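This report goes through the fold, the core and a few individual residues of the structure shown here.

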Amino acid sequence: MKDWLIVGEITSPHGINGKLRVKSLSDFEERFTKSGPRWLQKEKEEPIKFELISGFQKPGKSIFIITLEGIDNRDQAQKLSKHRILVKNISLFLALKYFR
């Protein structure tokens, strides 16, 4: 697990169009609002790459609503509940370098 950093957990679908409700475990909101690759992992399975399309933070909460490429309906989103959201550990180094 040293190659990965857990930044959040998908808690449930949000609406009917495949959006996901995510509990943040990170101090960097960009991990959920800036598009780019993210990896999802359920328990001890291998991480699977997804593209984050967009996201926003619920006001006053550590909850984000995100959209992933290829997740277009509530049934697909429901299957991702309890998955962890990961980034490669190099992202931690870059975040510390650029956000200090």
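## Barrel

In this predicted model, six strands close into a barrel, with antiparallel pairing and the order 1-2-5-4-3-6. From one strand to the next, the twist averages 50°. Strands of a sheet can pair in parallel or antiparallel fashion, in either case through backbone hydrogen bonds.

Strand 1 covers residues 4-14 and runs antiparallel to strand 2, to which six bridges join it. Opposite G8 stands S24, a residue of strand 2.

## Nonpolar core

The largest nonpolar core has 16 residues, and I66, L68, L80 and I85 touch the most other members. At least two residues of this core come from each of strand 1, strand 2, strand 4, strand 5 (63-68) and strand 6. Strand 5 supplies the largest share, three residues. In soluble globular proteins, nonpolar side chains tend to be buried together.

Leaving aside residues up to four places away in sequence, I85 touches L5, I6, V7, G8, I10, V22, F32, R38, W39, L40 and I66.

## Aromatic pairs

There are two aromatic pairs in the structure. In one of the pairs, the ring centres of W4 and W39 are 5.2 Å apart and the planes stand at 55°, so the pair counts as tilted. Because W4 belongs to strand 1 and W39 to strand 3, this pair ties together parts that are 35 residues apart in sequence.

W39 has a relative accessible area of 13% and is therefore buried, the cut-off being under 20%. W39 is also among the residues that I85 touches.

S26 sits in the loop between strand 2 (19-24) and helix 1 (30-33). Is S26 buried or exposed? Its relative accessibility is 17%, so S26 counts as buried.

The side chain of S26 makes a polar contact, at 3.0 Å, with the side chain of R31. Apart from residues up to four places away in sequence, S26 touches V7, R31 and F32. Of these, V7 and F32 are also touched by I85.

The loop between strand 1 and strand 2 holds I16. With a relative accessible area of 64%, I16 is exposed, since the cut-off for that class is over 50%.

Which residues does I16 touch, not counting those up to four places away in sequence? They are D72, N73 and R74. I16 and D72 lie 56 residues apart in sequence, while their C-alpha atoms are 8.3 Å apart in space.

## Positive phi values

Most residues other than glycine have a negative phi. E43 has a positive phi, near 50°, and is not a glycine. E43 is located in the loop between strand 3 (36-41) and strand 4 (48-57). Its relative accessibility of 60% is the reason why E43 counts as exposed.

K82, likewise not a glycine, has a positive phi of about 75°. K82 is placed in the loop between helix 2 (74-78) and strand 6 (84-88). The relative accessibility of K82 is 53%, so K82 counts as exposed.

Terms used. Residues are numbered from 1 along each chain as its sequence is written. This is a predicted model: local features need pLDDT of at least 70, side-chain atom pairs count only at pLDDT 80 or more; totals for chains, interfaces and linings use all residues. Side-chain values use heavy atoms; hydrogens and water are left out. Helices (H or I, at least four residues) and strands (E, at least two) are DSSP runs, numbered from the N terminus. Buried means under 20% relative accessible area, exposed over 50%, partly exposed in between (1.4 Å probe, protein chains only). A polar contact is a pair of N or O atoms within 3.5 Å; within protein, one must be able to donate a hydrogen and the other to accept it, and residues adjacent in sequence count only if both atoms are side-chain atoms. Contact means heavy atoms within 4.5 Å. Two strands pair if DSSP finds at least two bridges between them. Axes are lines fitted to C-alpha atoms, for helices over the stretch in contact, and angles run from 0 to 180 degrees between N-to-C directions. Rings of Phe, Tyr and Trp (its six-membered ring) pair if their centres lie within 6.5 Å; planes under 30 degrees apart count as stacked, over 60 as edge-to-face and the rest as tilted. A nonpolar core is a set of buried Ala, Val, Leu, Ile, Met, Phe, Trp, Tyr and Cys residues joined through side-chain atoms within 4.5 Å.
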